[in-house]
Amino acid sequence: MILVTGASGTVGREVVARLAPVASVRLLTRSPERLAPPAPGIDVVVGDFSDPVRLATAFIGVRAVFVVTADPLRPDHDANVIDAARACGVRQVVKLSALAVADPAADDLITRWQRANEERLLASGLDWTLLRPRAFMSNTLAWAGQIRESGVVRGLGRDARNSCVDPRDIAEVAVRALTRPGHEGKTYALTGPQGLSPADQVAEISAVLGREIRFEEVTEDQARQALLVRYPALVADALMESARRTAAGAKSGIESGVAEVLGRPAGTFRQWAEDHRHAFTGGQGALSGGALDNKVGST
């Protein structure tokens, strides 16, 4: 039995789709209504990282777990997961972290939280695998409404390059680590094949859709105010600090983790955009994805 947390999220749902045909799968979720209808044989446990009793129920009989936590203001969540895993005899934890953890210059709230999560896991005595992605290509889904309505994307950091990664690649690496031996004690840095700026991404989406889309720069204050609509001030400030590191070129480097595990190059943004063109032209889920979806989002 393999337990997947964050099963309704960007990477989690891709992990479930790949695991279901090859393993016994259980999902832990606090919002079952957000899950796609589970395939026959998939267990669903409703619970929360802050509820140790429910966690213990979810971990019974589990061999390995894919861990995604997403609230940097709740450091107890990862601690509770590790305690439940140890108490229930789980052998392996595959943890979705962030590549910013490896940068000594990154010291924002979210990166410090991820570092502490990693350190806690490494000290747990469990077999572990760390996945450290850059920003998800799917974060650009947050632009879908603007693209459909006006053809203008307004954002920060027009020319700030980030070697964003296809969430499907992250999921495939996770499934390899969960189902095949030899990944214990390994850390994988996961990026796409090139560093792209928001302007580059808009140009790629424009080419895929066959119509002009423009990028308009906003001020830092405008960007922060937009984040405050969705996040507490501490988180918004951490995301702004991370954006400044992106603008300084800290996130444009290319890493080999995808190819190392999968034996093929990482997917391109153009291919991701082609496969998700419907999200920019209409349809369900067009506004899913966002700054904290991987940071998880500003990594």
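**Aromatic pairs first**

Trainee: How many aromatic pairs does a search of the whole structure find?
Mentor: The search finds 3 aromatic pairs. Keep in mind that this is a predicted model.

Trainee: Take Trp-143 and Phe-215. How are their rings arranged?
Mentor: Their centres are 6.5 Å apart and the planes meet at 65 degrees, so the pair is edge-to-face. The cut-off for that label is over 60 degrees.

Trainee: Where do Trp-143 and Phe-215 lie?
Mentor: Trp-143 is in the loop between β6 and α5 (144-149), while Phe-215 belongs to strand β9 (residues 214-217). The pair therefore ties together parts that are 72 residues apart in sequence.

Trainee: Is Trp-143 buried or exposed? And what about Phe-215, buried or exposed?
Mentor: Trp-143 counts as buried, at 12% relative accessibility. Phe-215 is buried as well, with a relative accessible area of 9%.

Trainee: Which residues form an aromatic cluster?
Mentor: Phe-269, Trp-272 and Phe-280 form one.

Trainee: New topic. What is in the largest nonpolar core?
Mentor: That core has 32 residues, and those with the most contacts inside it are Val-4, Val-15, Phe-66 and Leu-131. Elements that each supply at least two of its residues include β1 (2-5), α1 (10-19), β4 (64-67) and β8 (186-190). The largest share, 7 residues, comes from α6.

Trainee: What does Leu-131 touch?
Mentor: Leaving aside residues up to four places away in sequence, its contacts include Phe-66, Val-94, Leu-96, Ile-170, Val-173, Tyr-188 and Leu-190. There is also a second, separate core of 20 residues, with Leu-3, Phe-59, Ala-85 and Val-90 among them.

Trainee: And Thr-129, where is that found?
Mentor: Thr-129 is in strand β6 (residues 127-133). Its relative accessible area is 0%, so Thr-129 is buried. Beyond residues up to four places away in sequence, Thr-129 touches several others, including Gln-92, Val-94, Ala-177, His-183 and Tyr-188.

Trainee: How many residues apart are Thr-129 and Leu-178 in sequence, and what is the distance in space?
Mentor: They are 49 residues apart in sequence and 8.9 Å apart in space, C-alpha to C-alpha.

Trainee: On to helix α9. What should its 15 residues span?
Mentor: At 1.5 Å a residue, α9 (residues 233-247) should span 21 Å, and its end C-alpha atoms are 21 Å apart, which agrees.

Trainee: What do the buried residues of α9 pack against?
Mentor: They pack against α4 (109-122) and α8 (220-228). Val-235, Leu-239, Met-240 and Arg-245 are among the buried residues of α9.

Trainee: What comes just after α9?
Mentor: Gly-249, which takes a positive phi of about 90 degrees.

Trainee: Last one. How many disulfides does a search of the whole structure find?
Mentor: The count is 0. As for individual cysteines, Cys-88 is partly exposed, with a relative accessible area of 26%, whereas Cys-164 counts as buried, at 3% relative accessibility. The cut-off for buried is under 20%.

Terms used. Residues are numbered from 1 along each chain as its sequence is written. This is a predicted model: local features need pLDDT of at least 70, side-chain atom pairs count only at pLDDT 80 or more; totals for chains, interfaces and linings use all residues. Side-chain values use heavy atoms; hydrogens and water are left out. A disulfide is a pair of cysteine sulfur atoms within 2.5 Å. Buried means under 20% relative accessible area, exposed over 50%, partly exposed in between (1.4 Å probe, protein chains only). Helices (H or I, at least four residues) and strands (E, at least two) are DSSP runs, numbered from the N terminus. Contact means heavy atoms within 4.5 Å. A nonpolar core is a set of buried Ala, Val, Leu, Ile, Met, Phe, Trp, Tyr and Cys residues joined through side-chain atoms within 4.5 Å. The expected span of a helix is 1.5 Å times one less than its number of residues. Rings of Phe, Tyr and Trp (its six-membered ring) pair if their centres lie within 6.5 Å; planes under 30 degrees apart count as stacked, over 60 as edge-to-face and the rest as tilted.
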